[in-house]
Amino acid sequence: MQSQRFRTRLKTPPGLRPADRSPKNSLLSMMTTTSTQTGIETRGVFKRLFELVFLNTVRREPVAGLSAQPGSNGTSAVDRSGWLIRIGLVLLIAAAAMAARPVLADETGNPLDLLRQGSMSEREQAVEQLAADSANLKLLQALQDGKLFELKAEAKLAIGLETQTGYSLTDPISGASLGEVERGAVGKINLNNKLRTLLRKAIGQLQLNHADPAVRLGAVQAMAKNVDDKALALLKDHLDHEADAEIVAAIRSVLLLQDINSPDKSQRVNAITTLKEFDSQDAVNKLQALTEKDADGNFVEADSDIRNLAEAALIKIRGRMQAYAAIETVFFGLSLGAVLVLAAIGLAITFGVMGIINMAHGELMMLGAYTTYVMQQLLPNNLGTALILSIPMAFLVAALVGIAIERGIIRFLYGRPLETLLATFGVSLFLQQAVRSIFSPLNRSVATPDWMSGSWQINDFLSLTWNRFYILIFCLLVFTALLQILKRTKLGLEVRAVAQNRGMARAMGIPTSRVDAMTFGLGSGIAGVAGVALSQITNVGPNLGQAYIVDSFMVVVFGGVGNLFGTLVAGFSLGIANKVLEPYAGAVLAKILVLVFIILFIQKKPRGLFPQKGRAAES
Amino acid sequence: MMISAASTPEGGASLPLTGEVDARHGPILYMEDVSVSFDGFRALNHLSLYIDDGELRCLIGPNGAGKTTLMDVITGKTKPDSGSVFFGQTIDLLELDEPAIAQAGICRKFQKPSVFDALTVFENLELALKTDKRTWPTLFHKLNGEQRDRIHDVLQTIALPAQQRQLAGALSHGQKQWLEIGMLLMQDPKVMLVDEPIAGMTHQEVERTAELLLSLQGKHSIVVVEHDMEFVRSIARKVTVLHEGSVLTEGTMDEVQNDPRVIQVYLGG
Amino acid sequence: MNLQNLTQDKTYASVLLALASVTILIPFCNLIFPEDSALHFSAYSVSLIGKYLTFALLGLSLDMVWGYAGILVLGQGAFFALGGYAMGMYLMRQIGTRGVYGNAELPDFMVFLNWTELPWYWYGFENFGFSMLMVLLAPGLLAFVFGWLAFRSRVTGVYLSIITQALTYALLLAFFRNEMGFGGNNGLTDFKDILGFNIQSEAVRSVLLLMTGLSLIGALLLCRWIVNSKLGRVVTAIRDQESRVRFLGYRVELFKLWVFVFAAMLAGLAGALYVPQVGIINPSEFSPLNSLEIVIWVAVGGRGTLYGAIIGAVLVNYAKTVLTGLMPDAWLFCLGGAFILVTLLMPDGIVGLLRRRIKPKPTLNATGGQPA
């Protein structure tokens, strides 16, 4: 279930990445940069994450080199077998195409020379020859874009990118750099219309036959933007060979959209009834156009049957769009909830289990976020690795600070919650100012590794951002880990024992003060880990913690103090409530409404959603 | 202004006065078929208990028998899952909250002496004084001569006239117990619920407490919860034994002590 | 009465004397002596001291709820800000046509937002009497509604503290919104005059200081009368043994509510006196940090003593003025340190320390209490 965009972006060499960030980036430039690398797309996202983080040096080198042997470089050993099968397929298709053509006498001549020096008709022949081998795709695209030049002195062809003084040249086949030349040293290879048509067909065909499905899909999408009979014929032909379901669907969609304009009514009816099952913006536009009126108030579409069908299809698609919107809202809500839960489960330990009000909890998160920043500064070339390493580091840093707070301050204040609140608030001010003095009062930027940026485009109407998706998963992992620690480990047993009956625990030989420190350290460490997650979605600055402290207390109290599951449910439901309200009330008002709701809720049920029961809770 | 307006519907003015308690048919306190459970644990189990007007009743029972929970139910601290609790014939205690029940004339001494440490002995009694207890009248309240006399009477009764200007926090444990009993007296209650009154007292103090409680019966209905059997024997006419949340038996101290079930509960376990 | 009350009376007397002299002497020195005189107080110091006195009033209000009723309110600043906004609205309406857009009816920011008429909740604020009523009623009403809900359902201790913090946080977010009609981010400012007098003039500043001083003295006396009344004793009793008070027949929630609303109104008054002296009110007054600072003033001074709150507020704010001038970075360290040290080492604040020095044996659990 990966999107084309995600895959393509992953394989883009590092140098080109910033320019390619925009969702509507140039398809061509993407294809040129990716053409030498072949698919690893069948593997799961997580495997890729792992590879990119731990094997990225291995993977990136060949991409950056882009060197001598077209077609065989840029693949790691892992990919080679799959790649071989693919190239075999391509060769087979190419051979079939060659066999269908009459053999020409001058085919033995070098097509590159023909292209360079020959007449227009000779160039046509050259293009047709070159079109037989997918290795020439880049050359043909350059030709089409007017970027193919004759290097006069050396009598050879080169792809030229205009610079301030002249052109920087690369070899059209190998992609190797040929240095920079002045403007006068090269001559552009000219085209005529016939040649252009031919080129477009050739490129389309080459791309459609390309081993990488991402390139093939790109080709289909490019053709869909500017459909003509030849392209349609190409696509129809290709449909039979295509194995990738996504591409088949894309081609069918293009064909069906064309069928709507067909003179044959049954074909139109068929197209509309089929298209209503497609989640495609193009289909919506096309169907919409069928139902509209022109300036005079007459329907654009004369046939009322078609109009009614289009209306019905639109209703169907819109219904699905609403469902997608709902899914998206829930997803955003869950991801916001995940952030809240991450911020709150540390508190659920310190406040819920130990009964300590730690107002510096937000600052412990802030420390976690700054740890991430520092780690990225230490490993500037491996942002992803730095992020992964930040998780244990942030846990350690925050846990140590937490233990210091507990040993230094809180243990003198057990049983005096209001005093604890004030003293830890002092700590929070202290930490804030410390960070301000050490780093800067300004926000620091923590980079998002590539595998976390971008989004998962499920269809035209639904795309989910990766960083939120990872945070959601991360939240669940942390939660499960914490639950396991409390349930399975000795520390967990001791923590629960001390929480339930301190005196009895001590009588049984549990070192309660050590357990207190460890528990507080655990809660604080989780705050630090939450900070790592926060660094990926918000600014890292001295005020980071302040923004979350009220929210996280609300989550704990709403869920029921001392109940980890309550915290989870409360976090997610508040997150979803926030996102559901947002479209109606705006972000700020939604937040206010949620706060007011919680204030009222606590007054109705002071012990939260899942109160602890029994006589112990009475006291 | 706003506050007094808000206090009227819930405030003391609408509450039944003590004089209205209808105890003509004998019992002043009815508990019928009362059950309370905490998280699966049945603290009270279909308990029925009747206290007569002016009676001094002792409640005994092993730990966890439900004695404190019973007091919680009568004073409104805990709402029972089922059953009914009436004060006299007409006042349904389950419809009232703690202050309303207190103003109706049921007062309670806690197991742990709870007096106001930061206030003087005199002030402790003053707060307990039976008077208009809404906010604004309290703000402007001035003691009149009669009320002052009443406080001094109670100070005499609880033997603390010399300590009246001392902070209650400085009193001994036994003195705090008396002060709390004194606070009960200040409220001129119909029913006094007294939870473990002699804990921490010296022998002399215990004797005085027994005298005090005996002198109060008749004027007030008194329910005493106590573990000290000797003390119970010295004051009780009628003893009720609670076990596992319901009444095991009732009778004089001798009857109760010879009841094989009671012996079983206390000794056989 | 007893020794303790006598020493208390003495301290009260000296605090009142100090307040009265500040209130009278400073405006006097500012107006009478020429600027080059050694006895002259600059306009800057006049408004600075005026500001301290409003903070003292605010601290006093918190001491009523926290020190006596044991309710640690982490949103007292919200009531202060509401009072300030009520005053600010009056001052905005006084600007009239002298605003940048010259609109007689609408304040500049509304013209800027293309509003065509005054929102209904701005009606009446051109009238000074009505505005002063709102200075008390707006915070009072909020405290009443909030407190009624909270105390009735017996939300206590840290839960209550946290929801009061959430309350002020929610108000902070709300007042940041332009749609609220209170000037959004920028708040209300550029005031021209008050009751027809130029708000910038030295005479008006001195009068404002005088008014603040008198309000503070009045409030201190009123608070003292309240805490020494039977209601004050009930409230103290609630702080220490809430359920016992309930079993004595008092409606605990109504007493708490009474003190909470009273303190909110006092804080509103402080806010109203603060705004004309500093010339601006904006949503940052609602920030939870501000409310926590109030808590530290009272804690430093010594809670449950009334005058301790005044001493604490003035001292902490003086330290803030000095420190933020000298070493801006050090202020939060000091504030944070103060929170930690006061709670750990001097739970009764400066007043507690002084008392211990006078009478080595600490006789008072009274002011320390165990509010939980």
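Trainee: OK, chain B. How many strands form the open sheet, and in what order?
Mentor: Six, running 6-7-8-3-9-10, with mixed pairing. Keep in mind that this is a predicted model.

Trainee: Which are the edge strands?
Mentor: Strand 6 (106–109) and strand 10 (246–251) of chain B, each of which pairs on one side only.

Trainee: And what does the twist average from one strand to the next?
Mentor: The average is 20 degrees.

Trainee: In what sense do strand 3 and strand 8 of chain B pair?
Mentor: Parallel. Residues 56–60 of chain B make up strand 3, residues 221–225 make up strand 8, and four bridges link the two. To pick out one partner, L56(B) bridges to I222(B) in strand 8.

Trainee: Where is H46(B) found?
Mentor: In strand 2 of chain B, which covers residues 41–52.

Trainee: Why does H46(B) count as partly exposed?
Mentor: Because it has 14 C-beta neighbours inside 10 Å. Buried needs 20 or more and exposed needs 12 or fewer, so a count in between is partly exposed.

Trainee: What about phi of E196(B)?
Mentor: That's also a positive value in a non-glycine residue, near 45 degrees. E196(B) sits in a loop of chain B, between strand 7 (191–195) and helix 8 (203–216).

Trainee: Is E196(B) buried or exposed?
Mentor: Buried, because E196(B) has 20 C-beta neighbours inside 10 Å.

Trainee: New topic, the contact between chains C and B. How many residues does it take from each?
Mentor: Chain C gives 27 residues and chain B gives 30.

Trainee: Which element gives the most on the chain C side?
Mentor: Helix 8 of chain C, with seven residues. The elements giving two or more are helix 8 (230–240), helix 9 (242–247) and helix 10 (252–278) of chain C.

Trainee: How do the residues on that side of chain C divide?
Mentor: 14 are nonpolar, seven polar and six charged.

Trainee: Last one, chain A. What domains is it divided into?
Mentor: Domain 1 (1–146 + 192–241), domain 2 (149–188), domain 3 (242–322) and domain 4 (323–446 + 488–618).

Trainee: What separates the centres of domain 3 and domain 4 of chain A?
Mentor: 51 Å, taken over C-alpha atoms. Their contact takes four residues from domain 3 and four from domain 4 of chain A. On the domain 3 side, one of those residues is nonpolar, two are polar and one is charged.

Terms used:
Residues are numbered from 1 along each chain as its sequence is written. Chains are lettered from A and ligands numbered from 1 in the order in which they are written. This is a predicted model: local features need pLDDT of at least 70, side-chain atom pairs count only at pLDDT 80 or more; totals for chains, interfaces and linings use all residues. Domain bounds come from an automatic or database domain assignment. Two residues are in contact if their C-beta atoms, placed from the backbone, lie within 7 Å. Ala, Val, Leu, Ile, Met, Phe, Trp, Tyr, Cys and Pro count as nonpolar, Asp, Glu, Lys and Arg as charged, and the others, Gly among them, as polar. Two strands pair if DSSP finds at least two bridges between them. Axes are lines fitted to C-alpha atoms, for helices over the stretch in contact, and angles run from 0 to 180 degrees between N-to-C directions.
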